[in-house]
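Here are my notes on the model, for reading beside the coordinates.

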Amino acid sequence: MASLFIIQGDKSSHPLLCKLPGLLFIALMTVGLLQLAALPSVARMGLGSLTLAMVGGALLGNTLYPHLQRYCDDGVNWSKHHLLRLGIVLYGFRLSLQHIAALGISGLIIDALVLTSTFLLACYLGKTLLGLDDKTVYLIGAGSSICGAAAVLATAPTVKAEGDSVAIAVATVVIFGTIAMFLYPCLYSLAMTGDYLPISPQMFGVYIGSTVHEVAQVVAAGHSIAPDVENTAVISKMLRVMLLAPFLMVLGGFLQRRTSSGETEKTPMAFPWFAVGFIAVAGFNSLHWLPDTWLTALHQIDNLLLTMAMGALGVTTRLSAVRRAGVKPLLLALLLFIWLIVGGAGINVGITALLA
């Protein structure tokens, strides 16, 4: 325990050591959750290890973890961001360029339409109907329309947002993205058994990838349904994530035109390099150079990394964030969530039928 106090007190001298307590906490939690997920009684619930990691992490995050937070926060936050991105890159070993090409131009058009319509709707509802400030609206709109917390953090420098606005936006996308993890498998079962929509597993995968907030939440929702749905959902989500760069360019240009030249300050633009890495790994995997035993090991490592990242995301999810967000930001996020479910389904079905 003494070493923990030393690490906490001298982070600058030990940039790696200060992450070890948090990494150890997440690793131990992940091992326990994976063993729990392997129990027949839990496996029959169909939650999947990633969803279970999110739920278990949230339970620990709001009970035990606050007592360990000052020791573990660095490692937990590092796991949430970097292990997720590494896990997504390694996910490319499950796919090939043929899988990505199978999505076709329709997948890209669907992602672009969902992104554009959701963000514009956020601007209209947030400013006109709810009277929220521009920065909060832009951040919630970006998080809902592109890739959750990552989009919020990438958009914050462009709109020069303060910490409170960022925290509120992240809280809203985590809340409704987590709900989506449980809701979409139920929607899939309804769609497959009720014959309400002419939809296939691949179409539903695109629907998940184009409308669920976070990358990790997309993986968890697809994982709870079927491998084919999960693979298609991840591909669709990666195409959507790669739209973050042009989105920031357009938003930055719009905001600069609204200000005088003397007030304009250029900010660095974040680029989702992990999405490029995902495409590169999938391209390498298309060559079929690795033996099956290596691929099996890589898949196991990838599942471990993604489970750790989901657990870390759960640990950092606070119920207090709901209270801090207030009613209006939550209402905006809720309306966008409803649009993603209903309007996103309409866009998916309409574009697929139009380009069939």
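1. pLDDT is the predictor's confidence in each residue, on a scale from 0 to 100. In this predicted model, local features need pLDDT of at least 70 and side-chain atom pairs count only at pLDDT 80 or more, whereas totals for chains, interfaces and linings use all residues. Residues are numbered from 1 along each chain as its sequence is written, and side-chain values use heavy atoms, with hydrogens and water left out. The chain has an average pLDDT of 83, and 87% of the residues score at least 70. For residues 1–13 the pLDDT is below 50, and beyond near neighbours in sequence this stretch has 11 contacts in the model (contact means heavy atoms within 4.5 Å).

2. Helix H7 (residues 134–147) packs with helix H8 (residues 149–159) at an angle of about 145°, and their axes are 8 Å apart. Helices here are DSSP runs (H or I, at least four residues), numbered from the N terminus; axes are lines fitted to C-alpha atoms over the stretch in contact, and angles run from 0 to 180 degrees between N-to-C directions. Among the residues in contact are Tyr138, Leu139 and Ile146 in H7 and Val152, Thr155 and Val159 in H8.

3. The largest pocket has a volume of about 530 Å³, where a volume is the space filled by probe spheres set on the grid points, joined across faces, edges and corners. A pocket is an open set of points on a 1 Å grid over the protein atoms alone, where a 1.4 Å probe fits, with protein on both sides within 12 Å along at least five of seven lines; lining residues have an atom within 4 Å of a point. Of the 25 lining residues, Lys80, Val170, Val174, Leu313 and Thr316 are the closest to the centre of the largest pocket. H5 gives the most to this lining, with seven residues.

Key
Helix = DSSP H or I, 4+ residues; strand = E, 2+ residues; numbered from the N terminus.
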